[in-house]
Amino acid sequence: MDRQNPFEEIDRLFDRISSEFADLPEAGPGGSVAVDVADTGEAFEVTADVPGYTSDDIDVTLPDPRTVRIAASRETTSETEDGDDDRQYLRQERTRRSTSRTVALPDRVRKGDAEASYDNGVLTITLPKQEAGGGTDIPVN
């Protein structure tokens with residue numbers, strides 16, 4: 001007489017759920033970063049929507065020659081910029097927003113020639129193709 005393992009069905013269910021969620025984009029507390037990756041022949045052009053941040057809030061790194069990571073973080077406060085010390089706050093709300101996305105690239109890129117620009121909430125990263133060395137930061141203009 002064969003006894004059926006009651007946990008086999010649960011294991012199959014978890015495996016199915018894991019495989020369905022594997023292709024979803026990463027989401028941080030501020031939401032996910034929508035990304036397009038285009039192959040221009042000589043380079044990959046990564047376009048990402050990162051609204052509500054400044055270029056100083058955004059970090060673009062290449063942890064390895066086939067991966068680009070975009071991270072954005074900022075802190076906001078309800079304090080006044082003019083430093084009005086006569087004001088008595090009954091309540092101050094502070095928030096911290098952050099989001100990130102890591103994208104695998106189909107080929108290796110030249111890290112030293114990578115460029116990034118940020119305009120109206122849209123980050124554009126140009127990554128020339130070719131083999132390269134260790135990880136580096138990319139300045140966002």
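**Group meeting: side-chain contacts in a predicted model**

A search of the whole structure finds zero aromatic pairs, a pair being rings of Phe, Tyr and Trp (its six-membered ring) with centres within 6.5 Å. This is a predicted model, where local features need pLDDT of at least 70, side-chain atom pairs count only at pLDDT 80 or more, and totals for chains, interfaces and linings use all residues. Residues are numbered from 1 along each chain as its sequence is written, and side-chain values use heavy atoms, with hydrogens and water left out.

First, the layout. The protein has one helix and 10 strands; these are DSSP runs, helices being H or I with at least four residues and strands E with at least two, numbered from the N terminus. Along the sequence the order is α-β-β-β-β-β-β-β-β-β-β. Of the 141 residues, 24% count as buried, meaning under 20% relative accessible area, while exposed means over 50% and partly exposed lies in between (1.4 Å probe, protein chains only). Among contacts (heavy atoms within 4.5 Å) between residues at least 6 apart in sequence, 55% join residues at least 24 apart.

Now the charges. Side chains of opposite charge can pair when their charged atoms come close. How many salt bridges does the structure hold? There are two, counted where a side-chain nitrogen of Lys or Arg is within 4 Å of a carboxyl oxygen of Asp or Glu. In one, Asp-39 meets Lys-129, with the closest N and O atoms 2.8 Å apart. Asp-39 lies in strand S3 (residues 34-39) and Lys-129 in the loop between strand S9 (122-128) and strand S10 (136-138), so the pair ties together parts 90 residues apart in sequence. Lys-129 also lies over the face of Phe-44, at 4.9 Å from the ring centre. The rule there is NZ of Lys or CZ of Arg within 6 Å of the ring centre and within 35 degrees of the ring normal. Arg-97 sits over the face of Tyr-53 at 4.8 Å from the ring centre.

Arg-110 and Asp-113 also form a salt bridge, 2.6 Å from N to O. Arg-110 is partly exposed at 28% relative accessibility, and Asp-113 is partly exposed at 39%.

Last, the surface. The protein exposes about 10000 Å², with carbon and sulfur atoms supplying 44% of it. Phe-7, Ile-10 and Phe-14 make a nonpolar surface patch of about 340 Å². Phe-14 belongs to helix H1 (residues 6-21) and is exposed, with a relative accessible area of 54%.

Key
Patch = residues over 30% accessible without salt bridge, like charges linked within 9 Å, V, L, I, M, F, W, Y side chains within 5 Å. Areas by Shrake-Rupley, 256 points an atom, 1.4 Å probe, with all protein chains shown as cover. Phe/Tyr/Trp six-rings, centres within 6.5 Å; stacked < 30°, edge-to-face > 60°.
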